[in-house]
Amino acid sequence: MSLPLSPPEAEMEQNVSFSSSSSSSSSSSNNSNSDCVIENFKRTFYPIVYLIIFVWGALGNGFSVFIFLQPSKKSKSVNIFMLNLAISDLLFIITLPFRVDYYLRGSNWIFGDLACRIMSYSMYVNMYSSIYFLTVLSVVRFLATVHPFRLLHATSIKSAWILCGIIWISIMASSTVLLNTGSEQRDNVTSCLELTHNKIDKLLIMNHVALVVGFFLPFCTLSICYLLIVRTLLKVEVPDSGLRASHRKALITIIIALIIFLLCFMPYHVLRTFHLVTWNTCRISLHKAVVITLTLAAANTCFNPLLYYFAGENFKDRLRTTFRKGHSHMTKAKCTFPLCVWWKKETTSV
């Protein structure tokens, strides 16, 4: 379960500019620093997208956490993984306003060195915890469908909490290297979340390890689960409606997880690797593409609530119960006025 030390986000969120010492090829040396800077693009693109993710993600995940914490007689392990996934998303979402402020100020950080380190740390903890929570959730769904009685102990509430704890500890511990990268003072401007050329060799090694363990291994696991569960559903006819619903939720869980991987995580990991490999080459389109894929990776926080709604255990029932309670409380509150109380008594007596 231990994740590799992934490249600091401070060195992935591109303020792409090159010094003369970093341009070794003749093609890159012909470009001036200003040719490779996409500051105006970032100043426009990042704040808009991050604000959308903040509003959508905060509402979706905040409400989901509230629903998951409601008491229920039918608590299951999948909801434990979904609760931890929603908490991970919320912890990242609260950092987005700081990022918005940074880019609106023209990449000038005013919140101190410690906050800058936390920005890098939070992004990658959220990304890789989301990847592993989605993977484990899909595997548990698969096991509960294919071997429902043989592996009951593996899908128990206690086992779910233990596995969540292992995921949290592994990812947070392996990501502590990100706390080593803080803010830097440059020309009366405090930079944060920037890539520096003097760490490229180290970052390439870390990126390749993170690419394999942090993305390809979970993605292959998800793909195998999907193929096996489809094969199971095609081979076996399930007469019981409850089992059919369980199989359907398992399939929906894996499909949504695969969509999130393909849409949010794959483009970022591929372009991040390509960008590090071709670091000395000035390609404005590539730099902009990396910025876009980084926001796609952050947008996974917006898609996860769809997973809770369509594949969560008893999520819709808890949602209806919560709305009924809220409606009844509002009705009682409205009837505290004297006229309302009098009318209620009159209608009751009649």
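Me: Is the crossing of α5 and α6 left-handed or right-handed?

Reply: In this predicted model, the crossing of α5 and α6 is right-handed. The two helices, of which α6 covers residues 157–174, pack at an angle of about 145°, and their axes lie 10 Å apart.

Me: Which residues of α5 meet α6, and how do the residues of the contact divide into nonpolar, polar and charged?

Reply: From α5 come Tyr121, Val125, Tyr128, Ser129, Tyr132, Phe133 and Val136, and in α6 they meet Leu163, Cys164, Ile167, Trp168, Ile171 and Met172. The residues of this contact divide into twelve nonpolar, one polar and no charged.

Me: Helix α5 also holds Cys116; which cysteine forms a disulfide with Cys116?

Reply: A disulfide is a covalent bond between the sulfur atoms of two cysteines. Here Cys116 is paired with Cys192, the sulfur atoms being 2.0 Å apart, and the link is right-handed, with 105° about the S-S bond. The pair links distant parts of the chain, since Cys116 sits in α5 (residues 113–146) whereas Cys192 sits in the loop between β2 (189–191) and α7 (200–235), 76 residues apart. The count for the model comes to one disulfide.

Me: Are Cys116 and Cys192 buried or exposed?

Reply: Cys116 is buried, with a relative accessible area of 0%, and Cys192 is likewise buried, at 1%.

Note on methods:
Residues are numbered from 1 along each chain as its sequence is written. This is a predicted model: local features need pLDDT of at least 70, side-chain atom pairs count only at pLDDT 80 or more; totals for chains, interfaces and linings use all residues. Side-chain values use heavy atoms; hydrogens and water are left out. A disulfide is a pair of cysteine sulfur atoms within 2.5 Å. Helices (H or I, at least four residues) and strands (E, at least two) are DSSP runs, numbered from the N terminus. Buried means under 20% relative accessible area, exposed over 50%, partly exposed in between (1.4 Å probe, protein chains only). Axes are lines fitted to C-alpha atoms, for helices over the stretch in contact, and angles run from 0 to 180 degrees between N-to-C directions. A crossing is left-handed if the near helix is turned anticlockwise from the far one by less than a right angle, and right-handed if clockwise. Contact means heavy atoms within 4.5 Å. Ala, Val, Leu, Ile, Met, Phe, Trp, Tyr, Cys and Pro count as nonpolar, Asp, Glu, Lys and Arg as charged, and the others, Gly among them, as polar.
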